[in-house]
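Visitor: I would like to learn how to read a fold, feature by feature. Where do we begin?

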Amino acid sequence: MKVTLLRANIDNAKEIHAMQVEAFKELLEKYQDFDTSPANENVEKVEARLKQDFTFYYFICIGRQKVGAIRIVDKKEAGKNKRISPLFILPEFQGEGIAQKAIRLCEEIHGNENWELDTILQEPRNCHLYEKMGYRQTDKTEVINEKLTLIIYEKKEADRI
(Lines give C-alpha, C1' and ligand atoms only; values in the text may rest on other atoms or scores of the structure.)
Protein backbone atom coordinates (compact mmCIF):
# COMPACT_ATOMS: atom_id res chain seq x y z
CA MET A 1 0.00 0.00 0.00
CA LYS A 2 1.53 3.28 -1.13
CA VAL A 3 0.96 6.18 1.24
CA THR A 4 1.47 9.73 -0.02
CA LEU A 5 1.08 13.18 1.46
CA LEU A 6 -0.89 15.97 -0.18
CA ARG A 7 -0.29 19.48 1.16
CA ALA A 8 -3.50 21.10 2.38
CA ASN A 9 -4.38 24.78 2.32
CA ILE A 10 -6.99 27.09 3.84
CA ASP A 11 -9.61 25.89 1.34
CA ASN A 12 -9.35 22.42 2.94
CA ALA A 13 -10.19 23.57 6.49
CA LYS A 14 -13.74 22.16 6.56
CA GLU A 15 -12.62 18.82 5.10
CA ILE A 16 -9.76 18.50 7.60
CA HIS A 17 -12.08 19.47 10.45
CA ALA A 18 -14.70 16.87 9.49
CA MET A 19 -12.06 14.13 9.24
CA GLN A 20 -10.51 15.18 12.57
CA VAL A 21 -13.86 15.05 14.36
CA GLU A 22 -14.55 11.59 12.92
CA ALA A 23 -11.08 10.27 13.81
CA PHE A 24 -11.09 11.54 17.42
CA LYS A 25 -14.80 11.04 18.24
CA GLU A 26 -14.30 7.67 19.97
CA LEU A 27 -11.46 9.00 22.15
CA LEU A 28 -13.56 12.03 23.13
CA GLU A 29 -16.38 9.73 24.21
CA LYS A 30 -13.97 7.49 26.12
CA TYR A 31 -11.99 10.20 27.95
CA GLN A 32 -14.48 13.10 28.09
CA ASP A 33 -11.67 15.59 27.44
CA PHE A 34 -13.93 18.30 26.07
CA ASP A 35 -11.38 21.11 26.46
CA THR A 36 -8.47 19.40 24.68
CA SER A 37 -9.84 16.83 22.23
CA PRO A 38 -9.41 17.59 18.53
CA ALA A 39 -12.91 16.11 18.09
CA ASN A 40 -14.30 19.03 20.06
CA GLU A 41 -12.46 21.83 18.23
CA ASN A 42 -14.31 24.16 15.92
CA VAL A 43 -13.42 24.67 12.27
CA GLU A 44 -12.09 28.16 13.04
CA LYS A 45 -9.24 26.62 15.03
CA VAL A 46 -8.23 24.51 12.02
CA GLU A 47 -8.46 27.61 9.81
CA ALA A 48 -6.27 29.58 12.22
CA ARG A 49 -3.61 26.85 12.15
CA LEU A 50 -3.71 26.70 8.36
CA LYS A 51 -2.98 30.44 8.26
CA GLN A 52 0.20 30.05 10.35
CA ASP A 53 3.32 30.30 8.20
CA PHE A 54 5.01 27.60 10.31
CA THR A 55 2.15 25.08 10.00
CA PHE A 56 2.16 22.39 7.34
CA TYR A 57 -1.00 20.29 7.04
CA TYR A 58 -0.89 17.22 4.84
CA PHE A 59 -3.66 14.88 3.85
CA ILE A 60 -2.53 11.27 4.21
CA CYS A 61 -3.59 9.46 1.06
CA ILE A 62 -3.78 5.94 -0.28
CA GLY A 63 -4.07 6.41 -4.00
CA ARG A 64 -6.52 9.26 -4.43
CA GLN A 65 -8.35 8.51 -1.18
CA LYS A 66 -7.75 10.79 1.81
CA VAL A 67 -7.54 8.55 4.88
CA GLY A 68 -6.24 11.02 7.47
CA ALA A 69 -4.13 14.10 8.03
CA ILE A 70 -1.05 15.27 9.87
CA ARG A 71 -0.05 18.74 10.98
CA ILE A 72 3.60 19.64 11.30
CA VAL A 73 4.68 22.74 13.21
CA ASP A 74 8.10 23.64 11.81
CA LYS A 75 9.45 27.07 12.68
CA LYS A 76 12.69 26.14 10.88
CA GLU A 77 14.84 27.25 13.81
CA ALA A 78 18.10 25.38 14.34
CA GLY A 79 17.98 23.16 17.42
CA LYS A 80 14.25 23.71 17.94
CA ASN A 81 11.86 20.78 17.88
CA LYS A 82 9.37 20.31 15.10
CA ARG A 83 5.99 19.15 16.36
CA ILE A 84 3.37 16.68 15.19
CA SER A 85 -0.03 17.94 16.35
CA PRO A 86 -2.38 16.37 15.42
CA LEU A 87 -1.97 13.15 13.47
CA PHE A 88 -5.10 11.17 12.70
CA ILE A 89 -6.26 8.28 10.57
CA LEU A 90 -9.95 7.66 9.90
CA PRO A 91 -11.22 4.73 11.99
CA GLU A 92 -11.74 2.34 9.07
CA PHE A 93 -8.05 2.70 8.08
CA GLN A 94 -6.45 2.48 11.54
CA GLY A 95 -4.08 -0.36 12.39
CA GLU A 96 -2.70 -0.72 8.86
CA GLY A 97 0.67 1.02 9.32
CA ILE A 98 -0.47 4.19 7.56
CA ALA A 99 0.50 6.52 10.41
CA GLN A 100 4.06 5.10 10.45
CA LYS A 101 4.45 5.76 6.74
CA ALA A 102 3.05 9.28 7.10
CA ILE A 103 5.49 10.09 9.92
CA ARG A 104 8.41 8.81 7.85
CA LEU A 105 7.35 10.94 4.89
CA CYS A 106 7.09 14.03 7.10
CA GLU A 107 10.53 13.32 8.55
CA GLU A 108 11.90 13.10 4.99
CA ILE A 109 10.36 16.48 4.15
CA HIS A 110 11.14 18.34 7.37
CA GLY A 111 14.30 16.56 8.58
CA ASN A 112 14.89 13.49 10.73
CA GLU A 113 15.94 15.12 13.99
CA ASN A 114 14.39 17.23 16.74
CA TRP A 115 10.74 16.20 16.85
CA GLU A 116 8.14 16.19 19.60
CA LEU A 117 4.52 15.20 20.05
CA ASP A 118 2.11 14.30 22.78
CA THR A 119 -0.26 11.40 23.04
CA ILE A 120 -2.59 9.79 25.51
CA LEU A 121 -0.62 7.78 28.07
CA GLN A 122 -3.60 5.45 28.55
CA GLU A 123 -3.60 4.45 24.84
CA PRO A 124 -0.91 1.73 24.54
CA ARG A 125 -1.29 1.41 20.76
CA ASN A 126 -0.45 5.10 20.30
CA CYS A 127 2.54 4.89 22.65
CA HIS A 128 3.77 1.74 20.88
CA LEU A 129 3.52 3.43 17.48
CA TYR A 130 5.66 6.39 18.50
CA GLU A 131 8.21 4.27 20.38
CA LYS A 132 8.53 2.00 17.34
CA MET A 133 9.23 5.14 15.27
CA GLY A 134 12.14 6.12 17.55
CA TYR A 135 10.33 8.59 19.81
CA ARG A 136 11.16 8.46 23.52
CA GLN A 137 8.95 9.37 26.47
CA THR A 138 10.02 12.44 28.37
CA ASP A 139 9.21 13.08 32.00
CA LYS A 140 6.72 15.76 30.91
CA THR A 141 3.07 14.89 31.40
CA GLU A 142 -0.16 16.83 31.67
CA VAL A 143 -3.10 15.41 33.57
CA ILE A 144 -6.23 16.44 31.67
CA ASN A 145 -8.74 14.66 33.89
CA GLU A 146 -8.98 11.53 36.06
CA LYS A 147 -9.13 9.35 32.93
CA LEU A 148 -6.56 11.00 30.68
CA THR A 149 -2.92 12.03 30.91
CA LEU A 150 -0.93 13.40 27.99
CA ILE A 151 2.69 12.30 27.70
CA ILE A 152 5.30 14.20 25.69
CA TYR A 153 7.54 12.25 23.32
CA GLU A 154 10.74 13.48 21.67
CA LYS A 155 12.93 12.22 18.90
CA LYS A 156 16.45 13.57 18.69
CA GLU A 157 19.20 12.83 16.16
CA ALA A 158 20.53 9.99 18.31
CA ASP A 159 17.08 8.32 18.42
CA ARG A 160 16.77 7.81 14.66
CA ILE A 161 15.97 4.32 13.51
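Visitor: How many bridges join strand β1 to β2, and do they run parallel or antiparallel?

Guide: This is a predicted model. Start with the pairing. Strand β1 (residues 3-7) is joined to β2 by 5 bridges, and the two run antiparallel.

Visitor: Which strand pairs with β2 over 8 bridges?

Guide: Strand β3, residues 65-73, again in the antiparallel sense. Here Y57 stands opposite R71 of β3.

Visitor: Is β2 mostly covered or mostly open?

Guide: Mostly covered. Of the 8 residues in β2 (residues 55-62), 7 are buried. As a general idea, side chains in a regular strand alternate between the two faces of the sheet. Keep that in mind when you look along β2.

Visitor: Where else can I find a hairpin, and how many residues does it pass through?

Guide: Go to β6 and β7, which a hairpin joins through 5 residues. Strand β6 covers residues 136-143 and β7 covers 149-155. They run antiparallel, with 5 bridges. R136 stands opposite E154 in β7.

Visitor: Let me step back. What pattern does the protein follow along the sequence?

Guide: Count the elements, then read their order. There are 4 helices and 7 strands. The order is β-α-α-β-β-β-α-β-α-β-β.

Visitor: Why does the radius of gyration agree with a compact globule?

Guide: Compare the value with the expectation for the chain length. For 161 residues, a compact globule would have a radius of gyration near 15 Å; the protein has 15 Å, so the two agree. The C-alpha atoms fill a box of roughly 40 × 40 × 30 Å along the principal axes. Of the 161 residues, 48% count as buried. Now look at contacts with a separation of 6 or more: residues 24 or more positions apart account for 62% of them.

Visitor: Is H110 buried or exposed?

Guide: Read the relative accessibility against the cut-off, under 20% for buried. H110 has 9%, so it counts as buried. It sits in helix α3 (residues 98-110). Beyond its neighbours within four places in sequence, its contacts include F56, Y58, I72 and D74. K76, K82 and W115 are also among them.

Visitor: Which backbone angles deserve a check? Where is there a cis peptide bond?

Guide: Check omega, then phi. A cis peptide bond joins S85 and P86, with omega about -5°. P86 is in strand β4, residues 82-89. For phi, pick out positive values in residues other than glycine. Q32 is one of these, at about 55°. Q32 is in the loop between α1 and α2. N114 also has a positive phi, near 65°. N114 is in the loop between α3 and β5.

Visitor: Is N114 buried or exposed? And how does Q32 count?

Guide: N114 is buried, because its relative accessible area is 18%. Q32 counts as partly exposed, at 35%.

Conventions. Residues numbered from 1 in each chain as written. Predicted model: local features only at pLDDT ≥ 70, side-chain atom pairs only at ≥ 80, totals over all residues. Heavy atoms only, no water. Buried < 20%, exposed > 50% of the residue type's maximum accessible area, 1.4 Å probe, protein only. Contact = heavy atoms within 4.5 Å. Rg over C-alpha atoms; globule rule 2.2 N^0.38 Å. Pairing = 2+ DSSP bridges.
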